[in-house]
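This report describes one protein model for a reader who is new to structural analysis. Please keep the sequence and the structure in view while reading.

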Amino acid sequence: MELAIYNINGENTGRKAQLNDNVFAIDANEHAVYLDVKQFLANQRQGTHKSKERSEISGSTRKLHKQKGGGGARIGDIN
């Protein structure tokens, strides 16, 4: 596979590059490209989000009922 080389202004330089067909002439797997772009964008996020902890909320911090033996799902405080 042979490709033309362009400069930074987008003008053709007249030179050509020879690329290996085993690497560059294959069809792209769309799902693999999607996953790679998704991972790249996720890594660009700053990740400074935070949720409030028990001590940071207003109101009571007592539990509504005990953790085990009540027959229902685990439940936190009234907030």
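Helices (H or I, at least four residues) and strands (E, at least two) are DSSP runs, numbered from the N terminus. This is a predicted model, in which local features need pLDDT of at least 70 and side-chain atom pairs count only at pLDDT 80 or more, while totals for chains, interfaces and linings use all residues. Residues are numbered from 1 along each chain as its sequence is written, and side-chain values use heavy atoms, with hydrogens and water left out.

**The strands**

Leu3 belongs to strand β1, which covers residues 2-6. Two strands are said to pair if DSSP finds at least two bridges between them. Strand β1 is joined by four bridges to strand β2 (residues 12-18), and the two run antiparallel. Within β2, Ala17 is the bridge partner of Leu3, and Lys16 is the bridge partner of Ala4. The hairpin of β1 and β2 has five residues between the strands, and Gly10 takes a positive phi near 85 degrees there.

How many of the seven residues of β2 are buried? A residue is buried under 20% relative accessible area, exposed over 50%, and partly exposed in between (1.4 Å probe, protein chains only). The number buried in β2 is zero, so this strand lies largely in the open.

Together with Met1, Val23 and Phe24, Leu3 makes a nonpolar surface patch of about 360 Å². Such a patch is made of residues with over 30% relative accessible area and no salt bridge, nonpolar side chains (Val, Leu, Ile, Met, Phe, Trp, Tyr) being joined within 5 Å.

**The helix**

Helix α2 has 15 residues, 30-44. The expected span of a helix is 1.5 Å times one less than its number of residues. For α2 this gives 21 Å, and the end C-alpha atoms are 21 Å apart, which agrees. At the start of α2, the backbone nitrogen of His31 has a side-chain oxygen of Asn29 within 3.2 Å. Asn43 is located in α2 and is exposed, because its relative accessible area is 56%.

**The salt bridge**

Side chains of opposite charge can pair when their charged atoms come close. A salt bridge is a side-chain nitrogen of Lys or Arg within 4 Å of a carboxyl oxygen of Asp or Glu. The whole structure contains one salt bridge. Glu56 forms a salt bridge with Lys50, and their closest N and O atoms are 2.8 Å apart. Glu56 is partly exposed at 39% relative accessible area, whereas Lys50 counts as exposed at 59%.

**Distances along and across the chain**

Both Thr48 and Lys68 are found in the segment after α2. Thr48 is exposed, with a relative accessible area of 58%, and Lys68 is exposed with 67%.

| Pair | Apart along the chain | C-alpha separation |
|---|---|---|
| Asn43 and Gly14 | 29 residues | 38 Å |
| Lys68 and Ala28 | 40 residues | 52 Å |
| Thr48 and Gly59 | 11 residues | 26 Å |

Terms used:
Polar contact = N/O pair within 3.5 Å; in protein donor to acceptor, adjacent residues only side chain to side chain. Patch = residues over 30% accessible without salt bridge, like charges linked within 9 Å, V, L, I, M, F, W, Y side chains within 5 Å. Areas by Shrake-Rupley, 256 points an atom, 1.4 Å probe, with all protein chains shown as cover.
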